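Welcome! Please take a look at the sequence and the 3D structure shown here.

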Amino acid sequence: MLSMTGFGKGVCESDKWRVSAFVKSLNGKGLEIFVKSNYNLMELEFTVRRLVKEFVKRGTVSVHIDVERKDIIEPVSIEKLVANLQFFKLIRDKLNLSVSDDTILQLAVRFADQPGQEIDQELEEVLSCAMTDALKELLSRRSQEGMFLKADIEERLRKIEEVLEQISIRKDSIYESARKKVLEKAKELGLAQDSALVLNEIALILSKMDVEEEVARLRSHIQRAKDIIKKGDEVGKRLEFILQELHREINTLGTKLPDLSPFVLEVKTEIDRLKQQVANIE
């Protein structure tokens, strides 16, 4: 089980490049990836996204990549600068223009600029190295947090099972109390306790109060949740669905047996707390 929250950092370098990658993940319905950098990495964004998807299946992931070029590059190409100077001087002389040497130099420099940012195979390799290290650390932190979430979820499921046990014990006494009320009413009306009218009334009331099916479904959903947690691997969405089913069943049970409202409220409280925890799980 993995939490959706965490962060990681990776730094790799070569003779030419040094790349620092920072990755942070938060809760999310699906997988969203946002990439920022101090360098134009448009050509490598697909590589970054592919790497993230190898480690993360769900969550909002923010990636920041800092690229530093270690070798010294000339601000302009000397060859281009000399050629540009000759070209602009030729135009000035041919057209007999009154253009100063300073102006010609400015024009020559402008068109002799080296490309400010370039992408090469070495940069891609260093970036992939830094991203992989950052994502491994992210995964480790998500796994550690996931262990705490798992323990908490299992404990809350156990509490719900304990409450269900109390419901199972107390419901029989509620059934018996309802049956006695019908018999007392029948006695007041002078009806025989074993008359068809009285027995049918008892059967009708008890059928409306019967929560055996709800209790069985609640226990079944809890077992399913345990099985999913045990298997691991992207359990968040499946647990969210099971919690919805648990909430529906306990609502029905509470409607049928209002006398058990304190226990129903306790189960609902644990379900709400479970929803908050499950919202953090991949």
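The report below goes from the overall layout to a helix, a lysine and some charged pairs.

This is a predicted model, in which local features need pLDDT of at least 70 and side-chain atom pairs count only at pLDDT 80 or more, while totals for chains, interfaces and linings use all residues. Residues are numbered from 1 along each chain as its sequence is written, and side-chain values use heavy atoms, with hydrogens and water left out.

**Overall layout**

The protein has 8 helices and 4 strands; helices (H or I, at least four residues) and strands (E, at least two) are DSSP runs, numbered from the N terminus. Starting at the N terminus, the order of elements is β-β-β-α-β-α-α-α-α-α-α-α. Of the 282 residues, 38% are buried, where buried means under 20% relative accessible area, exposed over 50%, and partly exposed in between (1.4 Å probe, protein chains only). The accessible surface is about 16,700 Å², and 53% of it belongs to carbon and sulfur atoms. Among contacts (heavy atoms within 4.5 Å) with a separation of 6 or more, 79% join residues 24 or more positions apart.

**One side of helix α1**

Helix α1 spans residues 45–55, and T47, V48, L51, V52 and F55 are buried there. These residues lie on the same side of α1, because they cover an arc of only 135 degrees around the axis. The arc is that of the directions from the helix axis to the C-beta atoms.

**A lysine in helix α7**

K237 sits in helix α7, residues 236–256. K237 is exposed, at 52% relative accessible area. Leaving aside residues up to four places away in sequence, K237 touches K29 and R58. K29 is 208 residues away from K237 along the chain, yet their C-alpha atoms are separated by 8.6 Å.

**Charged pairs**

Side chains of opposite charge can pair when their charged atoms come close. A salt bridge here is a side-chain nitrogen of Lys or Arg within 4 Å of a carboxyl oxygen of Asp or Glu, and the count comes to 23. Here are some of them:

| Pair | Closest N to O |
|---|---|
| R18 and E13 | 3.9 Å |
| E213 and R217 | 2.3 Å |

Salt bridges with shared partners join E213, R217, E245, R248 and E249 into one network.

Note on methods: Accessible areas come from the Shrake-Rupley method with a 1.4 Å probe; for residues, only the protein chains shown count as cover.
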